[in-house]
Amino acid sequence: MVWDVFDESEYEHRLSRTQERLLEEDLDAIVVSDPANMNYLAGYDGWSFYVHQAVIVTPERDEPVWVGRDMDAGGARATTWLSEENIRAYSDDHVHSPYDLHPMDYVAGVLKELEVATGRIGLEMDASYFTAKSYTRLQGNLPDATFVDTTLLVNWVRVKKSAQELEYMEQAARISEQAMQAGIDAIGEGVPEYEAARAIYDALLGGTDEFGGDYPAIVPLMPSGDHTDTPHLTWTDRPFEDGDPVIIELSGCRHRYHSPLARTTFVGDPPDELERTADIVVEGIEAALDRVEPGVTCEAVEEAWRETIAQYGLEKEDRIGYSMGLGYPPDWGEHTASIRPGDETVLEEDMTFHMIPGIWTDEIGMEISETFRITGSGAETLADFPRKLFTS
């Protein structure tokens with residue numbers, strides 16, 4: 001393995017846990033197309049997810065099989081722990097092909113070689129880069145196979161982090177702290193929004209004196225002014241004005257592991273209502289974090305938040321957090337456990353969550369968030385950054 005991100009033994013452990021799940025589900029193979037799951041199982045790390053690629057796992061093989069575009073096979077050799085026989089590449093005429101060729105035709109051929117063409121094959125049917133065409137091509141090439149939706153099978157294997165994964169998330173948190181401070185410092189009356197975004201990106205990629213940063217799975221989000229009532233806007237070339245609230249949500253990234261952080265700042269003197277809301281959000285976050293410990297459910301954590309803010313006449317219908325860590329665009333979330341009513345997932349040590357209980361109304365927008373891991377006794381936040389409303 002050329003890029004020594006994890007010991008090979010860690011990949012072997014991940015593979016073994018995934019194979020156990022295949023046996024539990026009576027599966028002969030799984031075709032993994034989520035880039036984060038591909039990285040998790042094989043180590044593959046490249047910006048090639050805009051074309052079709054996959055990692056195939058069977059219950060008995062000692063290694064997964066990576067399948068991708070021929071020009072990306074060198075990247076698989078550089079970043080994965082796989083032997084040469086388990087790096088399979090399709091020719092370039094399969095890419096955006098006018099010749100009635102599709103990469104899943106080649107994947108189907110690999111599945112035939114692995115002698116699972118008549119078996120039960122898991123597919124990540126709701127993964128971002130697995131298309132409807134991919135499904136129909138596999139069906140057409142493997143008419144005797146039984147396809148099963150296994151969208152979150154590997155995601156659930158990922159929810160408990162190893163010591164090395166947690167170390168990378170802690171390093172990502174150091175980058176998040178620096179990027180958040182850079183963004184807050186850059187914001188001011190008359191400064192174009194893109195200048196703040198540039199300062200944030202410089203800090204995200206610059207890293208620390210000990211290690212560099214990587215591109216995050218989500219770009220910095222930065223709604224401002226009249227648009228802080230919605231969370232997922234980015235930036236424009238509009239200058240900040242006196243009286244603008246600005247929400248910043250970002251994440252440092254280290255070897256594809258994230259530690260998101262959100263804060264709100266205000267250009268000028270903030271109104272009393274915004275300061276009051278910030279105090280309530282902080283109190284609610286702290287109540288929720290105090291509720292975290294192994295054995296507690298996600299919905300119980302959300303209940304602590306909801307009961308706290310209800311004392312002040314506030315309510316929030318959306319979830320307030322989600323399991324996360326390893327990620328590629330478009331998301332750093334794991335799509336498994338959510339901190340919300342009805343989610344009975346039981347918290348376990350070394351799970352990691354981003355708690356982001358934003359308040360968005362017609363009059364006001366406020367985000368303060370924390371990434372935390374579950375320890376043997378409670379919650380440990382990864383970032384060390386003031387939990388308050390800022391002014392710029």
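Modeller: Let's start with a term: a salt bridge is a side-chain nitrogen of Lys or Arg within 4 Å of a carboxyl oxygen of Asp or Glu. Please keep in mind that this is a predicted model.

Biologist: Happy to. Why is the contact between E286 and R387 called a salt bridge?

Modeller: The N to O distance between the side chains of E286 and R387 is 3.6 Å. That value is within 4 Å, so the pair counts as a salt bridge. The two partners come from distant parts of the chain, 101 residues apart: E286 sits in helix α9 (residues 272-291), and R387 in the loop between β15 (379-381) and β16 (390-391).

Biologist: What makes R387 buried, exposed or partly exposed?

Modeller: The relative accessible area of R387 is 24%. Buried would need under 20% and exposed over 50%, so R387 is partly exposed. E286, at 36%, falls in between as well and is therefore partly exposed.

Biologist: Which salt bridge do the side chains of R387 and E370 form, and at what N to O distance?

Modeller: R387 and E370 meet at 2.9 Å, N to O. R387 lies in the loop between β15 and β16 and E370 in strand β14 (residues 370-374), so this contact ties together parts 17 residues apart in sequence. E370 has 2% relative accessibility, which is under 20%, so E370 is buried.

Biologist: How do you know that E24 and R21 are about one helical turn apart?

Modeller: E24 and R21 are three residues apart in helix α1 (residues 8-24), which means a separation of about one helical turn. Their side chains meet in a salt bridge at 3.2 Å, N to O. E24 has a relative accessible area of 58%, over 50%, so E24 is exposed. R21, at 23%, is between the cut-offs and therefore partly exposed.

Biologist: How many salt bridges does a search of the whole structure find?

Modeller: The search finds 25. Salt bridges also link E193, R238, E241 and D244 into a network.

Biologist: What makes a negative surface patch here, and which residues form it?

Modeller: The patch consists of E189, D242, D269, D272, E275, D279 and E283. Residues in a patch need over 30% relative accessible area and no salt bridge; D242 has 52%, so D242 passes the area condition. Its 52% is also over 50%, so D242 is called exposed. D242 is in the loop between α8 (193-206) and β7 (245-254).

Biologist: Why is β7 called mostly covered?

Modeller: Ten of the ten residues of β7 are buried. P245, I247, E249, S251 and C253 point one way, while V246, I248, L250, G252 and R254 point the other way, and all are buried.

Biologist: How do you know that β7 and strand β8 (residues 257-266) pair?

Modeller: Pairing asks for at least two bridges, and β7 and β8 have ten, so they pair. Their sense is antiparallel, and C253 stands opposite H258 in β8.

Biologist: What is the phi of R256 near, and what makes it worth noting?

Modeller: Phi of R256 is near 75°, a positive value in a residue other than glycine. R256 is placed in the loop between β7 and β8. With 0% relative accessible area, under 20%, R256 is therefore buried.

Biologist: Which strands does β3 pair with, and in which sense?

Modeller: β3 (residues 65-69) has five of its five residues buried. Strand β2 (residues 54-57) runs antiparallel to β3 and is joined to it by three bridges; at least two are needed, so β2 and β3 pair. V55 stands opposite W66 in β3. With strand β4 (residues 87-90), β3 pairs in the parallel sense over four bridges, and V67 stands opposite R88 in β4.

Biologist: Which way, cis or trans, is the peptide bond from P329 to P330?

Modeller: That bond is cis, with omega near 15°. P330 has its place in the loop between β9 (321-328) and β10 (331-338).

How values were computed
Residues numbered from 1 in each chain as written. Predicted model: local features only at pLDDT ≥ 70, side-chain atom pairs only at ≥ 80, totals over all residues. Heavy atoms only, no water. Patch = residues over 30% accessible without salt bridge, like charges linked within 9 Å, V, L, I, M, F, W, Y side chains within 5 Å. Areas by Shrake-Rupley, 256 points an atom, 1.4 Å probe, with all protein chains shown as cover. Lys, Arg positive; Asp, Glu negative; His and termini not counted. Charge placed at Lys NZ, Arg CZ, Asp CG, Glu CD. Buried < 20%, exposed > 50% of the residue type's maximum accessible area, 1.4 Å probe, protein only.
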